Amino acid sequence: MTASADAPAGRGDGPLAGRVALVTGASRGVGRAIAQQLARLGADIGMIQRGEAVQTSRAVQELGRRAAVVQADLADPAAADAAVSQATTRLGRIDVCVCNAGIIHREPALEAGLEQWARVVTVNLVSAFATARSAARLMAASDAAGTIVFIASVLGFQGGINVSSYAASKAGLVNLARALSNEWAPLGIRVNAIAPGYLDNPQTAPLRADPRRKAELDARIPAGRWGSDDDVATAVAFLVTDASAYVTGQTLVVDGGWLGR
C-alpha cells in the first residue's frame with residue numbers, strides 16, 4: 001500500500017469547510033464526480049483505490065482543497081483499516097466516508113465461476129463494510145458527528161440480467177445502510193445509501209453498444225435520458241451535509257423514475 005503526496009490548500013467556504021471526506025474508487029466516473037463535488041462544498045478529500053487518481057487529485061487541488069491518495073486494493077477487505085487510518089492521519093480527521101469502489105461482472109448465473117462471483121461481492125459489499133466500520137471507529141473516537149454513504153444501485157431492488165453477483169452485493173449495501181444506521185445513530189453517525197439508475201458512463205458501455213438493449217432501457221426511463229455521474233454526486237452532497245441532518249438508514253434512488261415505471 002502506497003500513498004501520494006499531499007497538497008496544501010486554503011480553508012475556503014461552503015457547508016463542508018474544515019471537514020474531511022474520504023471517497024473510495026475516486027479515480028474516475030462516479031467516484032471522481034463525488035470527490036470534486038465535495039471539494040466544491042469545502043471538504044478536503046482523501047481517496048482510497050488501486051491507482052494514483054492523478055486527475056481527481058489535480059481537480060480537487062484546483063478547487064483549493066487538499067487531496068491525499070492512499071493506494072490499496074479493496075479486493076482485500078483487510079486493507080481497508082490501514083488505508084482509512086492512513087488517509088485520516090494525513091488529513092487530520094474524518095467527517096464523511098463515501099464507499100463508492102465497486103466492480104461488475106456480466107455472466108449468466110449458470111456459467112458463473114464462484115471465484116469471480118465471490119470477488120464481486122467482496123469488493124462491493126465486504127470491503128464497503130470494512131471501510132465504513134474503520135471510518136466509524138475513528139469518528140466515534142473523535143466524538144464528532146459523521147456521515148457514511150454507500151453507493152448501491154437500482155439493481156439492489158431488481159435482479160437484472162446476467163449480473164447476479166452485482167445485484168446481490170448492491171442489495172446487501174441497501175440493507176447494510178439500514179443495519180448500521182440503527183447501531184451508529186447513538187454515536188452521532190448517519191448512514192445512508194444512494195441507488196443510481198442507468199448512467200451514461202464507461203461502466204454501461206456494453207449496454208449502450210447493444211442497440212436493442214439500449215432501446216429497451218431508453219423506453220423505460222421516464223426522465224427521457226440516462227443519468228450522469230454528477231447526478232449521483234449532487235445526491236451524495238445532500239446526504240453528507242446538514243441539509244439531511246435527520247436522514248439516516250435510507251436509500252435515495254437517483255434513477256430518473258426507473259423504479260417507479
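**View 1. The largest pocket of the predicted model has a volume of about 1100 Å³.** A pocket is an open set of points on a 1 Å grid over the protein atoms alone, with protein on both sides within 12 Å along at least five of seven lines, and lining residues have an atom within 4 Å of a point. A volume is the space filled by probe spheres set on the points, which are joined across faces, edges and corners. The lining of the largest pocket consists of 46 residues, and G102, I103, I104, Y166 and Q203 are those nearest its centre. At least two lining residues come from each of helix 1 (29–40), strand 3, helix 4 (114–141), helix 5 (164–184) and helix 6 (205–208). Helices (H or I, at least four residues) and strands (E, at least two) are DSSP runs, numbered from the N terminus. By class, 22 of the lining residues are nonpolar, 16 polar and eight charged. Here Ala, Val, Leu, Ile, Met, Phe, Trp, Tyr, Cys and Pro count as nonpolar, Asp, Glu, Lys and Arg as charged, and the others, Gly among them, as polar.

The model is predicted: local features need pLDDT of at least 70 and side-chain atom pairs count only at pLDDT 80 or more, while totals for chains, interfaces and linings use all residues. Residues are numbered from 1 along each chain as its sequence is written, and side-chain values use heavy atoms, with hydrogens and water left out.

**View 2. The second largest pocket has a volume of about 180 Å³.** Its lining comprises 14 residues, with R19, A145, G146, T147 and D242 nearest the centre. Five of the lining residues are nonpolar, four polar and five charged.

View 3. A cavity is a set of grid points where a 1.4 Å probe fits but cannot get out. Among the residues that line the largest cavity are H105, E107, W117 and N162. Helix 4 and helix 5 are the elements that give two or more residues to this lining. The lining holds three nonpolar residues, six polar and one charged.

**View 4. Strand 3 (residues 44–49) and strand 4 run parallel and are joined by five bridges.** Two strands pair if DSSP finds at least two bridges between them. I48 stands opposite V70 of strand 4. With helix 2 (residues 54–62), the two strands make a right-handed β-α-β unit. Right-handed means that, with the strands pointing away from the viewer, the path from the first strand over the helix to the second runs clockwise.

**View 5. Strand 4 (residues 67–71) is mostly covered, with five of its five residues buried.** Buried means under 20% relative accessible area, exposed over 50%, and partly exposed in between (1.4 Å probe, protein chains only). A67, V69 and Q71 lie on one side and A68 and V70 on the other, and both faces are covered.
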